[in-house]
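Here's a short tour of a protein model. Take a look at the structure first, then read on.

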Amino acid sequence: MDSEGQVLRSYDPLSSYPHHAAFSHDSTQLFVNSCHLYGGCTLAAPLGEGVAAAPENAENEDLPVLNSDWRVCTSATLPGVLIVGHAYGYLHAADGQGKELWRHHVGSTMSAIDVSPDGQTIVAASYGGYLVHLQRSDAGIDPYSIGTSPYTEVHRWIFWDKESAPLRW
């Protein structure tokens, strides 16, 4: 929509149910995810003054599909990077064209993520009760993690109903 409320573009979901949306760090793209069961598709739609209004019968075919597998549940952005948490318990980082930069397994369906402005720290939570604190490391991939992430898990807390207090892992 423009500032007067006129619709400039609309996009059909790439699968059954619209599920998650996020703006790129510089607000030049809109990432929209739709899902069906545990799968999903993420579309990268351009935004801004230079983007022309779409014809009424326009299709999504000319837009980049960032991924056709992830059911995205949460996301955060850095300049040129979209970090998503999905239903299979992974964090994934991708550039604006969909190239996967890294992945990091946390476990359980992801529920929230935040990243520090400098990108050095990530905090992520899952519906299974995990809260993880990840720190960027120049030492290479953590040999004890599952994935290709440049982040090392420095803390993990587990919040389970039957425990009297959070468990520190």
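A polar contact is a pair of N or O atoms within 3.5 Å; within protein, one must be able to donate a hydrogen and the other to accept it, and residues adjacent in sequence count only if both atoms are side-chain atoms.

## Ground rules

This is a predicted model, where local features need pLDDT of at least 70, side-chain atom pairs count only at pLDDT 80 or more, and totals for chains, interfaces and linings use all residues. Residues are numbered from 1 along each chain as its sequence is written, and side-chain values use heavy atoms, leaving out hydrogens and water.

## The overall build

The protein has 13 strands and 0 helices (strands are DSSP runs of E, at least two residues; helices are runs of H or I, at least four; both are numbered from the N terminus). Of its 169 residues, 38% are buried, meaning under 20% relative accessible area, while exposed means over 50% and partly exposed is in between (1.4 Å probe, protein chains only).

## Serine 149, tucked away

Serine 149 sits in the loop between β11 (130-136) and β12 (151-158). With a relative accessible area of 1%, serine 149 counts as buried.

What does its side chain reach? The side chain of serine 149 makes a polar contact with the side chain of histidine 104 at 3.2 Å, and reaches the backbone nitrogen of tyrosine 151 at 2.8 Å.

## Tyrosine 88, out in the open

Tyrosine 88 belongs to the loop between β6 (81-86) and β7 (90-94). Its relative accessible area is 51%, so tyrosine 88 is exposed.
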